[in-house]
Amino acid sequence: MLSDVAFIMKNTPPEGAASPMALFELLERRSGAPSKLHPRQRSVLSAYMEKLKTKDLAFEMPTGSGKTLVGCLIAEWRRRSKGERVAYLAPTRQLAQQAARLAELYGVPAVDLTGKHKDWAPPATQRFLRGQAVAFATFNAVFNSSPKMTPQALILDDAHAAESPVASTWSVRIERDREGTTYDQVVEVLTDCGALSTAVARRLHHRTAGRVYLAGVAETALAAPALERVLEHALTFEPQWRFAYEKLRHGGLAACLVYANSDEVFVRPVIAPTHSHKQFENAAQRVYMSATLGDGGELERAFGRRQIARISVEIADLAPVDTDEAGEDEEGSGRRFFCFPGLAPGLGDDRLPVFVRGQIDAFGKALVIARSERERKKLIEAVAPAGMPQWTTGEADDAPDAFRVAKRGLLSVANRYDGIDLPGDTCRLVVMNGCPTGAHLQERFLYESLAADVVLNERIRTRLIQGTGRATRGSGDRAAIIMLGRDLETFCTTQLDTMPPEIRAEINFGLEQDELPESGLKEALATVSAGGEEWAAVDQFIRDREEADNRPRRAQGGATHLQAAARCEVEAASAAWHRDWARAVEQARKAIEALAGGDSHYRALWQYLAGSWAVLAARGSGGTHWIGVAERHFADARVSARGTQWQSELNLNAASLLARDSATVENAPDPLDEWLIDKLTDHPLRGSMKRLPQEQTVRDGLWQTDSTQFEHGLSALGELLGAEVLQRSSAHSEPDAVWMFDEHFWLAIEAKSEATGPKVAAKRVREALTHLNYAAGTTHREAPEGSVTLLVTPQMEVASDAALVATGCPLFLVAPEALQLMAERLLAAWDSIRAETSRLAFADARPVVADILSKRQALPSQWLALLTTRPVGTA
């Protein structure tokens, strides 16, 4: 009989429904699932059916209002009614798995396809491929160089957090500490082609680049084959970026922007070319969900979409949400106390780490959020209580279980602002360090170098809201949020009225505590930790303030212009990706027009890009009119960029860029070399045939170990270099020498010629690191970017704690013999200069002086290379 046969006999497929809203009534929901849809959910689902044929569609729903249920209903309705393979994507593994659990609760068949594809359960994979269940995964499941899933419809949850994972598909990040050789080779290629100036290359070499630099766009495109050869060779070592590079090789590099600072080189298109990624592009529909979509084109730029339609919900027409029926596993966002210790009277920067360490110790557990891994390590070293257990977590992981159950502990993360839930007693203290920017170098360039923060404000605000809400996941939760950094304080103050009402009231209350002394802040934080009636009174006070605040949320400044420009920016980036430079220029021009009246600094970037692409168009077509087009855009870029310095090291001369026929060009002279040549040519000693008055002091000082004579020798050597030498005052903390080459470069020196111990101690390193600041304070001038300090000592080893103190700092270990060699070269150059040019006028003498200095290896670019080979931080 059929019942005795050992086969699985499945019923007919579940029936479809006319709409996602109708489907809700048909789902076999489990106990605990909502029994009805609330008005906001019904409104979104109704509007969705009206835009069913729209390829890219977005809607916004606040946290706790049932967004996951809406997404699951749309996903399951498309799976049933259209027979599509549907994937529900979230930024982190924890969020994707949480959504999958909720889907099962709602009666939506779900499979977990998070993690590496080789770890996916084969039955789960088959259920998705056969359209029997909705797949739940992270963004990276679709956005990688070789996706193993091809969805026919996509639901993208927390779409506001997608920019980094989407862009990473086309991003090569070369970290100097991991891949120093590749970093150096890439910088060399960019310098040889003129994309980076020699001055910038020197700062990068010395790790003194104080900002992020954009390499010349036209020059980089020209040097793409040479850049590709370097990266192809580096593939031998299987770098982490090898998969992303697959998307850039064979022509893609020419369309990329290259950013560099002292720590890394970052290569990516200005906007991700998702139109070339079939696993995303070929989906019948893409639905973007978020608690905050923004209104400045942020979503379009993040996903590389020309236009994303919005479903708008009139909030005033909706009844209040019944959180028990919302369909989420959270009920509001609890209450936070924002603490700004940097504003407290008497609590200076030197005291802040001690204050934060004390609070972490008092609370017993804390989550610390930093902007980068380097910043995380430095911060933890400063604020972690002695002996406290420490944890960290990966990019897509939730908090470790061991931290959750521990009575004491510190969880620190880098650039993680969502996907970590620490409700209830799990954790009641969050420390956020710095304004949440800098997920990658393009973002840092926009914020720090370009000063175009307006284009990032939506992203920053979202991260701030998400990050500060990690420990308040339920309506009864409470947490203290310690906010560190002037930029974070400034953002909270200036952008307060762009925040949602609840967090606006909380931050405003925190800012109003700026008159509390340190003892008062400690007492306030203790109240948060303890809870009870005192905290309940604070909670009610903030709630009353929130309810009384009827001010509408202010739209971001320039948002209208940014939204209008987004489509053209995407079109321009797409054209550049296909090397259609003429179309790229035209679309960039339209973007520039749309940005008129908005933020000029962001407009300057697109004017520069338009000029660079016009140069490339001229090279490709030979049309001479492109030179005029490029020059006009470059001229406009100069005007729009006023108040910033990012163009100062770029070539904005279209004719000279067009004249370059090779990836290797004769680079512009080093400004510091040119300054020294001018200085020595104009020096009064050049016309004298008497013995150099400084020579004996140099030889008597640098060739022995007496500290006083050594210091005199350093001062005399600086004078022979034409530098202004900092006057000594016998102050205990003053440097042994500081050579100031006008506003180009300063060199501070800490000399320990008498040192006999085997290793340099941390105390000496700390002393040396203050010398440039000392010189700046004494002269009432600012040390130029790229300035360095030398620690001259016969000790060639550094104590481990000393190396940690110097990590990332422009401090170099130099043997006295290296300084002696430099002095010999300079003295020999002076002899030749005076012998050959003493009777020549300035104009005739200058080229001779330049030639002699170069041949004697006495130019700054030459002797600095000799003296800066051993950073103390890596010694």
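**View 1. The largest cavity of the predicted model and the residues that line it.** The structure holds 7 cavities of 30 Å³ or more, and in the largest of these about 180 Å³ of space is found. Its lining is made up of 18 residues, among which V270, R301, Q442, L446 and R459 lie nearest the centre of the cavity. Two or more lining residues come from each of the helices α13 (298-303), α17 (441-449) and α25 (600-621). By residue class, the lining of the largest cavity comprises 9 nonpolar, 2 polar and 7 charged residues.

**View 2. The second largest cavity, with its lining residues.** About 70 Å³ of space lies in this second largest cavity, and the residues that line it are G296, E298, R301, V454, V455, E458, Q556, A559 and L562. At least two residues of this lining are supplied by α13, and at least two by α23 (559-577). The lining of the second largest cavity divides into 4 nonpolar, 2 polar and 3 charged residues. R301 is named here as a lining residue, and R301 is also one of the residues nearest the centre of the largest cavity.

**View 3. Strand β12 (residues 335-339), a buried strand, and its pairing with β17.** Because 5 of the 5 residues of β12 are buried, the strand is largely enclosed by the rest of the structure. In a regular strand the side chains alternate between the two faces of the sheet. In β12, R335, F337 and C339 point one way, whereas R336 and F338 point the other way, and all of them are buried; for these residues, buried means a relative accessible area under 20%. The strand β12 is joined to β17 (residues 478-484) by 5 bridges, and the two strands run parallel. Within this pairing, F338 has I481 of β17 as its bridge partner.

**View 4. Strand β15 (residues 409-414) and its parallel partners β13 and β14.** Strand β15 is mostly covered, with 5 of its 6 residues buried. It is joined by 6 bridges to β13 (residues 365-370), and these two strands run parallel; in this pairing K365 stands opposite G409 of β15. Strand β14 (residues 390-392) also pairs with β15 in the parallel sense, in this case over 3 bridges, and here W391 stands opposite L411 of β15.

**View 5. E238, a residue with positive phi in the loop between α10 and α11.** Although E238 is not a glycine, its phi is positive, at about 50 degrees. The residue is found in the loop that lies between α10 (224-234) and α11 (242-245). E238 counts as exposed because its relative accessibility is 56%, and the cut-off for the exposed class is over 50%.

**View 6. Q857, a residue with positive phi in the loop between α35 and α36.** Q857 is likewise not a glycine and has a positive phi, in this case of about 60 degrees. Its place is in the loop between α35 (842-855) and α36 (860-867). With a relative accessibility of 36%, Q857 counts as partly exposed.

Definitions and conventions: Residues are numbered from 1 along each chain as its sequence is written. This is a predicted model: local features need pLDDT of at least 70, side-chain atom pairs count only at pLDDT 80 or more; totals for chains, interfaces and linings use all residues. Side-chain values use heavy atoms; hydrogens and water are left out. Helices (H or I, at least four residues) and strands (E, at least two) are DSSP runs, numbered from the N terminus. Buried means under 20% relative accessible area, exposed over 50%, partly exposed in between (1.4 Å probe, protein chains only). On a 1 Å grid over the protein atoms alone, a cavity is a set of points where a 1.4 Å probe fits but cannot get out, and a pocket is an open set with protein on both sides within 12 Å along at least five of seven lines; lining residues have an atom within 4 Å of a point. Grid points are joined across faces, edges and corners, and a volume is the space filled by probe spheres set on the points. Ala, Val, Leu, Ile, Met, Phe, Trp, Tyr, Cys and Pro count as nonpolar, Asp, Glu, Lys and Arg as charged, and the others, Gly among them, as polar. Two strands pair if DSSP finds at least two bridges between them.
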